Amino acid sequence: MTLSEKAKENKRKYNNEYNKKNYKRIPLNVQFSKYDEIAQAAANVGESVNGYIKKAIDTRLESGE
């Protein structure tokens, strides 16, 4: 393993540990047709699907619904 490969492996391990400690994953299953609708809406506003969903959740939480 070269130094560069070792550095990449160390970074990957660090990132995985950081994510474990600081984030909670929320699995979300949607039908393909719904995903396509979400993906298109996200693309229309220049966002990723992940960012679009997070913003939708934040908006809902802020409105108290």
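Figure 1. The protein has a radius of gyration of 17 Å, whereas a compact globule of 65 residues would have one near 11 Å. The radius of gyration is taken over C-alpha atoms, and the globule rule is 2.2 Å times the number of residues to the power 0.38. This is a predicted model, in which local features need pLDDT of at least 70, side-chain atom pairs count only at pLDDT 80 or more, and totals for chains, interfaces and linings use all residues. Residues are numbered from 1 along each chain as its sequence is written, and side-chain values use heavy atoms, with hydrogens and water left out. Along the principal axes, the C-alpha atoms fill a box of roughly 50 × 25 × 20 Å.

**Figure 2. The helices in order.** What elements does the protein contain? There are 3 helices and 0 strands. From the N terminus on, the order is α-α-α. Helices (H or I, at least four residues) and strands (E, at least two) are DSSP runs, numbered from the N terminus. Helix α1 covers residues 3-22. Helix α3 covers residues 49-63.

Figure 3. How much of the protein counts as buried? Of its 65 residues, 5% do. Buried means under 20% relative accessible area, exposed means over 50%, and partly exposed lies in between (1.4 Å probe, protein chains only). The protein exposes about 6300 Å². Carbon and sulfur atoms supply 54% of that area. Accessible areas come from the Shrake-Rupley method with a 1.4 Å probe; for residues, only the protein chains shown count as cover. The protein has 13 positive and 9 negative charges, and their mean positions are 9 Å apart. Lys and Arg count as positive and Asp and Glu as negative, while His and the chain ends are not counted. The place of a charge is NZ of Lys, CZ of Arg, CG of Asp or CD of Glu.

**Figure 4. A tyrosine patch.** Which residues form a nonpolar patch on the surface? They are Tyr-14, Tyr-18 and Tyr-23. Together they have about 390 Å² of accessible area. Patches are made of residues with over 30% relative accessible area and no salt bridge; like charges are joined within 9 Å, and nonpolar side chains (Val, Leu, Ile, Met, Phe, Trp, Tyr) within 5 Å. Tyr-18 sits in helix α1. Its relative accessible area is 38%, so Tyr-18 is partly exposed.

Figure 5. The structure holds 4 salt bridges. A salt bridge is a side-chain nitrogen of Lys or Arg within 4 Å of a carboxyl oxygen of Asp or Glu. One of them joins Arg-12 and Glu-9, at 2.6 Å from N to O. These two residues are 3 residues apart in helix α1, so about one helical turn separates them. Arg-12 is partly exposed at 41% relative accessibility. Glu-9 is partly exposed too, with a relative accessible area of 24%. Another salt bridge links Lys-20 with Glu-17, and here the closest N and O atoms are 3.8 Å apart. Both residues lie in helix α1, 3 residues apart, about one turn of the helix. Is Lys-20 buried or exposed? Lys-20 is exposed, because its relative accessible area is 64%. Glu-17 counts as partly exposed at 39%.

Figure 6. Which residue forms a salt bridge with Lys-55? The partner is Glu-47, and the closest N and O atoms are 2.7 Å apart. Lys-55 lies in helix α3. At 46% relative accessibility, Lys-55 counts as partly exposed. Glu-47 is partly exposed, with a relative accessible area of 24%. Lys-55 and Gln-31 are 24 residues apart in sequence. From C-alpha to C-alpha, they are 20 Å apart in space.

**Figure 7. Distances across the chain.** Tyr-52 belongs to helix α3. Its relative accessibility is 30%, so Tyr-52 counts as partly exposed. Tyr-52 and Ile-38 are 14 residues apart along the chain, and their C-alpha atoms are separated by 8.0 Å. Lys-13 belongs to helix α1. Lys-13 is partly exposed, with a relative accessible area of 45%. How far apart in space are Lys-13 and Gly-51? The distance is 24 Å, C-alpha to C-alpha, for 38 residues in sequence.
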